[in-house]
Amino acid sequence: MSIKMKALLKSPWVFHLCSGSCNNCDIEILDCLTPRYDIERFGMLLVGSVRHADVLLCTGVVNKLGESRVKRVYQQAPKPCVVVAVGNCAASQHIYRGSYAVGKPLDEVIPVDVYIPGCPPKPEAIILGVVKLLEKLKKG
Amino acid sequence: MSHKVTIPIGPYHSLQEEPEFYQLTVDGETVTDIDVRIGYVHRGIEKVAESKSFDKIIFLVERICGICSTSHPMASVLAMEDVSGVEVPDRAQYIRTIVCELERIHSHLLWIGLAGHFLGYNTVWMWAWKYREIVCDIFEAITGNRQNYGMMKIGGVRRDIEDEYLPGIMKGMDDVLRALDMFKGAVLDDPVLAARLKGVGILSKADALSYSALGPTSRASGVDKDVRRDDPYAAYDRVKWNVITQKDGDVFAKAVVRILESYESVSIVKQCLQKMQKGPIDSDPKELPEGEGIGHAEAPRGEVFHYVKSDGTNSPERYKVRAPTFMNFPTFKATVIGETISDATIILAAIDPCYCCTERMTVVNRKDKKTILTGEDMIKMSQDKTRRMYKRMTGKELA
Amino acid sequence: MERKDIISAIKDKFPKRIKKLFEKSTRRVYIDIDPKDLTDFVEFIFNGQDARFCTASCVDMRNGMEILYHFSFANMSLVVSLRVYLDKNNLSIDSITPIMKGAEWIEREIHELFGVDFKNHPNLIKLLLPDNWPEGLYPLRRDYKEEDYKARVKEEE
C-alpha cells in the first residue's frame, strides 16, 4: 500500500459536491456531522475546498449545465481520490431520467467507486457506505 | 481611487431551479452590484411531469426540494383537487396539517442552525440540528421516512397516524418547545447578535411588495400575507394561530419571524392532535376530468404555487411549479448592494434559499477574474466579524 | 373588500375589454383578455387592488401560446388569472416587469423555455439553460425532441 493511500485511509477528508440534487441527500450528509451521528469520531471531516479532499460525496443528477463543472471539480481533487455516489439520483438518475436538462449519468462523467442507494439514504447508510469503501481500499 | 473587483461565488448549490452562481462586484469592502446565474440544478421537472401520470407527479414534485418535501405535494394535490372538485375527509385534513407544520418546525430549526454557523456560533448549529432530530424521528415513526414522506394523495393521505404514536408526538413537541425557548433567549437577548444583525440587509416594505417576496422574507418586512390564512387549505381554518410579522425587514427580523413561527407551528400540531376524530383518510377518486386547477400552499420559505392543466387523459397537458425562492432571490438586488462583503453571506442566507445553496459556495476558477474567494473564506470573514464584535462588546474571546 | 367587490371592480373598470370571465369556483376566477390590454389590467389589479403577483404560466396550445398571469389577494381566498392568447406567428407581448420587479425572472424563464418575446423587458437574458444551448430551440414546446438538441449541438461543434 502506498504511503498516500495509507494516509487517506487514516483520516479521510470528505468534500460534498451537489449538482442537481433536491437537497435531501445533502441534509443527510450534513446530518452525519451533527451530534447524533458525529462522523468526526472516525476521523472523517467535511472540508470546504475540493483541494483538501480525499473523498468526493456526489449527490444529484448531473445536468447539462453542471457536467463540465463536475468534471473540473474532480480534476482539481488531489489523487488518489475516491468518489461516492450518494442517493438514487447520482446512482441512476432516478425519476429525472429522460429529461431535457439532464445529460450523462454521473458514472460516465467521472469514475465512481461506491453507490449508496436510497431516496434519501439515511445517515447510517451513508456512514456504512463510506466505511465499506475504506475496507475495500484497505484490502487493496 | 476606486478599485472594483468582481468576486464569483458558486455555482454548486441545490434547490429546484435555483442553485446559483453569485458574482459580487465590490468597491473596497462595499458591494456595489450582484449578479445571479441559476440553472445548475435545473432538472426540467415541468417537462418530466407531462410524461408522468397524476399520481406519480406527487412523488415527482416531492423531489423538487428536500426540505419542502411536503409543501410541494400539498400544493400539487390541491391543484388536482381543484380540477376534480374532490372532497377530502376531515381526518385527512388534520393529518395534512400536522405533516406540513412538522416540516415547518424542522426547516426553521435547520435555518437557525445554519445562520449560527455562518455567524461563527457553531454551538448554535449543533444544538439546533440536535433538536431537529426529534422532528425527524416523529416523521420516521408516522410516515416511514426521515425526508420525502410520501403522505399526500389526491383526495386524502396515504397513511393514518396510529393512536399509539400520539403521546410520543406530544412529548416531542414539548421537547421542541423547550429548545425554542432556549433559542429565543439566545437570539433575542444576545447583544452581539443584535449588533451584528440589526439594520443589516434591510428589505423595505415597498420593495417586498414590488418583488412580490414571499413567506418569512416578506413578513419580516411588515407584509401581512400568509396563504394558510388567506386561502385556507387542510385544517388551518379550524385551529387558532397567528400570522407573525415584524416591521424592520433586516436579518434580525427574519430570524425573529422564523423562531416565533415555530411556536405557532407547535401549537397547531398540538391542537390538530387533540381535535382529530377517527374516520376515513381517503376519498379515493378514480379519474381527473378535463380542466385546469391552481393549488398554493405556504411552505417554510413562502408560497409554493402549482398550476395543472388536464386534458382528460391520465397525464397533464401542462404542469407549472413556482417555488418560493424563485420570487425571493431577486430581492438580493435590494438587500445586498451597499452592504459589506462580510455581511453578504448572512444576508444571502437570511431568505433561507435552501441552506446548502449558501453552504456550497465552492469556487470555479475563471481566467478573467482577479480575486477569488471560496465559500469557506466568505464564511470565515463573517465569523471573524462576529468575533471582533464579541471582543469589543464583552472584552472576552469568543469560544 | 370582499371577493365579489374585486371582481365587480375589474368588470366596471374594463367593461368592454374583458373577452370572457369564467368563475370556476368562488376561489378561482379566469379572465380572458387581449394581449394589448395586459399592462392596463396588471396595473389596475396589482397597484389598484393590492394584489400579489403569484406567477405566470405558459402553455403550448400547438397553434399558439397561452399565458396566464396569476394574482392572489390577502385574506379572501381568491386567485385571479388573466389569460392571454398569442398566435405562433407573433409571439410577443408587453413585459410587466416595469410595473413590478417580481415578474422579471418568470418572464426570462418563459422567454427561454417557450420563446416568447417580452417587449420592454430590462434584462431578457438566459436564466436556466446552459450557455451553449442552441438558439431557437425551446425545450418546453410540444415539438421539442431530444434528437434535435443533439443534432444542433453537433452542428455547432
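**Reading a predicted complex, step by step**

Chain B has 16 helices and eight strands. The model is predicted, and the talk below takes up a few of its features.

Reader: What makes V256(B) a buried residue?

Author: V256(B) has 20 other C-beta atoms within 10 Å. The cut-off for buried is 20 or more, so V256(B) is called buried. You will find V256(B) in helix α11 (residues 251–275) of chain B.

Reader: How do you know which residues V256(B) is in contact with?

Author: Contact here asks for C-beta atoms within 7 Å. Leaving aside neighbours within four places in sequence, L188(B) and Q246(B) are in contact with V256(B). There is also a separation to look at between C-alpha atoms: V256(B) and A220(B) are 36 residues apart along the chain, and their C-alpha atoms are separated by 8.1 Å.

Reader: How much of chain B counts as buried?

Author: Of its 399 residues, 60% count as buried. As for contacts in chain B between residues at least 6 apart in sequence, 71% join residues at least 24 apart.

Reader: Which residues touch the most other members of the largest nonpolar core?

Author: They are L56(A), C58(A), V84(A) and V86(A), in a core of 200 residues. Helix α4 (residues 90–119) of chain B gives the most to this core, with 16 residues.

Reader: Why do you say that this core lies between domain 1 and domain 2 of chain B?

Author: Domain 1 (4–41 + 334–394) and domain 2 (45–326) both give residues to the core, so the core lies between them.

Reader: What does C58(A) touch?

Author: Not counting residues up to four places away in sequence, C58(A) touches L17(A), V83(A), V84(A), A85(A), V86(A), A90(A) and L106(A).

Reader: How many residues make up the contact between chain B and chain C?

Author: Chain B supplies 28 residues and chain C supplies 24. On the side of chain B, at least two residues each come from α1 (45–49), α10 (227–230), β6 (291–299), β7 (302–310), β8 (316–322) and α12 (324–328). That side of chain B divides into nine nonpolar, six polar and 13 charged residues.

Reader: What confidence does the predictor give chain C, and where is it lowest?

Author: The mean pLDDT of chain C is 88, and 100% of its residues reach 70 or more. Confidence is lowest in helix α4 (residues 146–156) of chain C, at a mean of 83, and highest in strand β5 (residues 79–87) of chain C, at 93. For the complex, the predictor gives an ipTM of 0.92 and a pTM of 0.89.

Methods:
Residues are numbered from 1 along each chain as its sequence is written. Chains are lettered from A and ligands numbered from 1 in the order in which they are written. This is a predicted model: local features need pLDDT of at least 70, side-chain atom pairs count only at pLDDT 80 or more; totals for chains, interfaces and linings use all residues. Two residues are in contact if their C-beta atoms, placed from the backbone, lie within 7 Å. Helices (H or I, at least four residues) and strands (E, at least two) are DSSP runs, numbered from the N terminus. Ala, Val, Leu, Ile, Met, Phe, Trp, Tyr, Cys and Pro count as nonpolar, Asp, Glu, Lys and Arg as charged, and the others, Gly among them, as polar. pLDDT is the predictor's confidence in each residue, from 0 to 100. A nonpolar core is a set of buried Ala, Val, Leu, Ile, Met, Phe, Trp, Tyr and Cys residues joined through C-beta atoms within 7 Å. A residue is buried if 20 or more other C-beta atoms lie within 10 Å of its own, exposed if 12 or fewer, and partly exposed in between; C-beta atoms are placed from the backbone. Domain bounds come from an automatic or database domain assignment.
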